[in-house]
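Got the sequence and the 3D view open? Let's take a friendly walk through this protein, one part at a time.

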Amino acid sequence: MKSFVVAMGLMSIAGAAANGVNGVAAQKAAPAAKAYAPGKTAWGDPNLQGTYTDKDENGIPLERPNQFDGKRAEELEDSELADIIKERQARAVASAATIGGAAGADTGAGPVHWYEHYGAKNSRPWMVVDPPDGKIPALTPAAQQRAAARAAARASHGPADSYDDRSLYDQCITRGVVGSMLPVIYGNSFQIVQAPGYVAIRYEMIHEARVIPMDGRPHVTPKVRTYMGDPRGHWEGNTLVVETTNFTDRTAIGVNGNGTFNSEALRLVERFTPMSASTVEWRVTVNDPATWTQPWTFALTLTKDDSQGVFEYACHEGNYAMHNILSAARAEERAGR
């Protein structure tokens, strides 16, 4: 099962399918509406509790595609949106037979109906909302040096010299805060639970849970660092704001926790804003001055859907991939390949 999961980590957001031209166009053209006001919990906080999915955000690229250079999302014509959505759909259909290798033969990825990335009703043409050009800012010189050092180390001994050459996702450890909620081709469910003074978010894939204090306590000492960081939350009107610090430098900002590695200076600010009875906008500002030349922000929509329950994700229990990847690499070495 985990071999199938590892294959999923190789999928990019841009490779997933999407539709929903009319939904995006209507969102673009609609006049500003009065902010939605959710119900309240028994203790008076805005009630965001429920099971959510972002499977309908599959196919939205993180950055603005080059074909739309010089345009903002709200400036796109319906025909331009239709073209890119058709391209996403075509790529998803074309890739269906090769998920996990040729016809799934390499990893046993399973039948097409296992996956969630078909027929997605996208909420936007791309995710980055700041900078206005829709592009992730440039890496700092220090980040470029770190990336070059990692690439050189990997090239010197191959991609599977030890378990440490594989991602934390491959190892069933974590996808990081951002990677845990960016849409992939399956496992896109999340559960928000509230209690007086706390909000908890449970993620389906890698079965992680974040417990977020809401009582104004300070962050823990910088000497304590974790993969998912140290979150603190507060309310700004009906918006749940979560600031997370105290990260390690072993996680990355991207799909399934792949992508550019952050530094220990990373500070994430998430804003969960209810937009309707069934939708919440998740907006994230990434501030890591040791990695990117300026902060940047992306957003997507979470949709409440009780049919998308959070299933058990027995990753470690079924993680034969790590043993097989490393043993296969040793076999290749013995064969002189």
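Which backbone oxygen lies 3.2 Å from a polar atom of the side chain of K304? It belongs to Q49. That makes a polar contact, meaning a pair of N or O atoms within 3.5 Å; within protein, one must be able to donate a hydrogen and the other to accept it, and residues adjacent in sequence count only if both atoms are side-chain atoms.

## Before we go on

This is a predicted model: local features need pLDDT of at least 70, side-chain atom pairs count only at pLDDT 80 or more, and totals for chains, interfaces and linings use all residues. Residues are numbered from 1 along each chain as its sequence is written, and side-chain values use heavy atoms, with hydrogens and water left out.

## The overall picture

The protein has six helices and twelve strands. Here, helices (H or I, at least four residues) and strands (E, at least two) are DSSP runs, numbered from the N terminus. Of its 337 residues, 47% count as buried. Buried means under 20% relative accessible area, exposed means over 50%, and partly exposed is in between (1.4 Å probe, protein chains only).

K304 lies in strand β12 and is partly exposed, with a relative accessible area of 30%. Leaving aside neighbours within four places in sequence, K304 is in contact (heavy atoms within 4.5 Å) with Q49, G50, T51, Y52, A277 and S278. Take A277: it sits 27 residues away along the chain, yet the two C-alpha atoms are separated by 8.2 Å.

Y52 stands opposite K304 in β12. β1 and β12 pair in the antiparallel sense over two bridges; two strands pair if DSSP finds at least two bridges between them. β1 is also joined to β3 by four bridges, again antiparallel, and G50 has I192 as its bridge partner there. In a regular strand the side chains alternate between the two faces of the sheet. Both faces of β1 (residues 50-53) are covered: G50 and Y52 are buried on one side, T51 and T53 on the other.

## The nonpolar cores

A nonpolar core is a set of buried Ala, Val, Leu, Ile, Met, Phe, Trp, Tyr and Cys residues joined through side-chain atoms within 4.5 Å. The largest one has 45 residues, and F272 and F298 touch the most other members. Elements giving two or more residues to this core include β3 (189-195), β10 (267-274) and β12 (296-304). A second, separate core has six residues, among them F68 and W126.

## Helix α6

Helix α6 has 15 residues (320-334), and at 1.5 Å a residue it should span 21 Å; its end C-alpha atoms are 21 Å apart, which agrees. The expected span is 1.5 Å times one less than the number of residues. The buried residues of α6 are A321, M322, L326 and A329. Seen down the axis, they fall within an arc of 125 degrees, so they line one face of the helix; the arc is that of the directions from the helix axis to the C-beta atoms. On the other side, Y320, H323 and R334 are exposed.

N319 caps the N-terminal end of α6, with a side-chain oxygen 3.5 Å from the backbone nitrogen of A321. Just after the helix, G336 takes a positive phi of about 75 degrees.

A cis peptide bond joins D130 and P131, with omega about 10 degrees. H207 isn't a glycine, but has a positive phi of about 45 degrees.
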